[in-house]
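Welcome! Please take a moment to look over the model below, and then we will walk through it together.

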Amino acid sequence: MCDLPVGAGPSVALNPEVRQTFSYARSIVLSYGDALGPRVAGAVASVTSSGELRLIAETAAWAAIEEDPRVAVFATDPLQRRFWVEVRGVARADSDVLRVTPKQVLFGEFPDGTSAAEHGAAPLARGGGSG
């Protein structure tokens, strides 16, 4: 079986730092929208060889994503506590996981040598990119 992206266009390449972040992250946040507005949910994620994210999240997220598949996934790297990543993409429910095709990748470091917890998990980018 081949891991193919699910969105309308090709995936944005995920660089090794981004892949590492999703591989080792202890907490991952899925952001999505429903009829009442923006929502967030905790999730568990993995990255396929093609660069697609696969998430396990609560049932309410699945129902909302069927109506509006645009999502953002946020994680911080516990090995390099200053590094954060946000992947924006298109999600689709597939048997027991949500498959997310990345369309935009933002990443950076928290300022001043501090961690996400010390900034209330609100990242301030020194830069960003698509890879």
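Which residues of helix α1 (residues 16-24) are buried? They are V18, T21 and F22, where buried means under 20% relative accessible area and exposed over 50%, with a 1.4 Å probe and protein chains only. Before going on, note that this is a predicted model, in which local features need pLDDT of at least 70 and side-chain atom pairs count only at pLDDT 80 or more, while totals for chains, interfaces and linings use all residues. Residues are numbered from 1 along each chain as its sequence is written, and side-chain values use heavy atoms, leaving out hydrogens and water.

Back to α1: seen down its axis, the buried residues fall within an arc of 90°, so they line one face of the helix. That arc is taken from the directions between the helix axis and the C-beta atoms. On the face turned away from the buried side sit the exposed residues P16 and S23.

What do the buried residues of α1 pack against? Their partners are β1 (28-34), β2 (37-47), β3 (53-57), β4 (70-76), β5 (83-94) and β6 (97-109), with contact meaning heavy atoms within 4.5 Å. Helices (H or I, at least four residues) and strands (E, at least two) are DSSP runs, numbered from the N terminus.

Now for the strands themselves. Six of them close into an antiparallel barrel in the order β1-β2-β3-β6-β5-β4; two strands pair if DSSP finds at least two bridges between them. For instance, β3 and β6 are joined in the antiparallel sense over three bridges, and L53 has V100 in β6 as its bridge partner.
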